[in-house]
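Good morning, colleagues. Please have the sequence and the model open before you.

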Amino acid sequence: MEIDRKQGVASETAVVVGVHLPEHPTLAEEPLDELAGLVESAGAEVVGRLYQRRETPDMTTYIGKGKLGELKQLVEASEADIVVFDNDLSPAQIRNLEEGVGVKVLDRTELILDIFSTRAQTHEARLAVELAQLEYSLPRLKRMWTHLSRLKMGVGMRGPGEKQLETDRRLVEKRISDLKRELDKVLHRKEREVAARSDRMTVSLVGYTNAGKSTLLNRLTASDVYAKDQLFATLDTRTRRWQLPDWGPVLISDTVGFIRDLPHRLIASFKATLEEARQADLLLHVADASSTAAIDQIRAVYDVLAEIGIEQKDTLLILNKADTADDAQLTVLERRYPGSVRVSARTGAGLDRLCLAVSDALSAGFIEADVETSIGNGRLLAYLAKHGEILSRTFTEDRVVVHCRAPQKYLGRIAPEEAEVRPRVRDHGHHPAPAPSPAPLSEGPIDRDPSLEDVA
Ligand SMILES: Nc1nc2c(ncn2[C@@H]2O[C@H](COP(=O)(O)OP(=O)(O)OP(=O)(O)O)[C@@H](O)[C@H]2O)c(=O)[nH]1
Ligand SMILES: [Mg+2]
């Protein structure tokens, strides 16, 4: 049996299959809903569902023998083109399942990669997806060539299948290392770009896919980025200028949504895309409060944040879709997550409270300090005035001590040879952390940053 694995899943019909294992908490009341959403997001139609509880997966076919028969019948009756599993399958399990049901079988990771590959638009996102796809397929190459190894000629001779497999493997490995190098370059360029525009406070929207991040960005900044009832509508970062009331302009960026059990290699490849979030002063974690799986989704997002090493960042939880969420559920969520803000990106309700909460959170990054420099250092004085609040100045013969309140991150960028920064100890005995190692002052105006062509 030959199954073409190169084709995407668009315009096909699918049976979705899930196995509930004891260690895997179900996310929704309808456990296969999310997978069905993913299938639809990939452009296919769900024509059947099969769900099984098992203590452990079957080694050869993941589902048991009886269920496999049931699946085959379901596939035939519904004339499905593909079967999609909610669980991750080994290459051998996929092969056995395909033999058992007679159509192409994909697992959740492969489906997500398929969606990503059809959505990726920027150079960077395309590279990331290709890398993740190749890394996924490398251990599975063998399966594609097993049909050729039957042509084996004589004892000790290597069959063309095996030779071909090795050539393929080498080609794939080469491409993987090229892609990694290319992505590394992109990441470094991105790091510099993002750092260069950090003379503005920045906030970054993160959250489960379909939570409403892009809709919120559009609402807050009156822009028009792609937002749709579709999983993984956004794959690229968009940064916009946001006029935060009673505060001033800050930068806000939208990014790729997260999902539970996001394939690790996919997270790794999207590092450059997540750079905005990594360098942001504040994360706005947007959750869909109307989902019955809201709590699990919130937890899944925290898991991904931990995986990319930014779980320590200041985060404000936004309970979005309050317009359609159940009141009792909103109350449960608010009790569970004190400090969260309920909003509706669709109606605009609660956005004033959101703005206040963001201003407060950004202010928390401010420290009070005495900055001592030479009287002639007009550039530094202008810098302090631009980024902070000057409370007083004390002059001596050729020195000036500026008492100011400014974000830690700006004070930290003052070079020691330029000025001495002495943080003031706060009244409640809390000693502000020492300023991070200084980087040269950058006056790079964001308007000239090419990666910010979106900024109005
Ligand atoms: N009822 C309601 N729907 C909303 C709200 N905010 C967003 N939506 C809808 O939710 C769907 C997903 O919105 P997006 O803004 O694309 O979500 P996202 O988080 O950017 O999703 P990805 O980019 O796919 O990760 C769209 O159909 C929106 O119209 C809201 O406050 N209330
Ligand atoms: Mg989006």
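Let me begin with a term: a residue counts as buried if 20 or more other C-beta atoms lie within 10 Å of its own. Please also keep in mind that this is a predicted model.

By that criterion, buried residues make up 36% of the 456 residues in the protein chain. The chain contains 15 helices and 14 strands.

I turn now to strand 9, residues 315–320. Five of its six residues are buried, so this strand is largely enclosed by the rest of the structure. Which strands pair with strand 9? Strand 8, residues 282–288, runs parallel to it and is joined to it by six bridges. In that pairing, L283 stands opposite T315.

Next, the annotation. An unreviewed UniProt entry assigns "domain: Hflx-type G" to residues 201–366. That span is 34% helix and 22% strand, and its end C-alpha atoms lie 11 Å apart.

Finally, ligand 1. Of the 23 residues around it, G212, S214, D229, T234 and G257 come nearest. The shell comprises six nonpolar, 11 polar and six charged residues. Which helix gives the most to this shell? Helix 8, residues 213–221, does so, with three residues.

Notes. Residues numbered from 1 in each chain as written. Chains lettered and ligands numbered in written order. Predicted model: local features only at pLDDT ≥ 70, side-chain atom pairs only at ≥ 80, totals over all residues. UniProt positions renumbered as here; feature names shortened; annotations may be inferred. Helix = DSSP H or I, 4+ residues; strand = E, 2+ residues; numbered from the N terminus. Near = placed C-beta within 6 Å. Nonpolar A, V, L, I, M, F, W, Y, C, P; charged D, E, K, R; others polar. Buried ≥ 20, exposed ≤ 12 C-beta atoms within 10 Å, placed from the backbone. Pairing = 2+ DSSP bridges.
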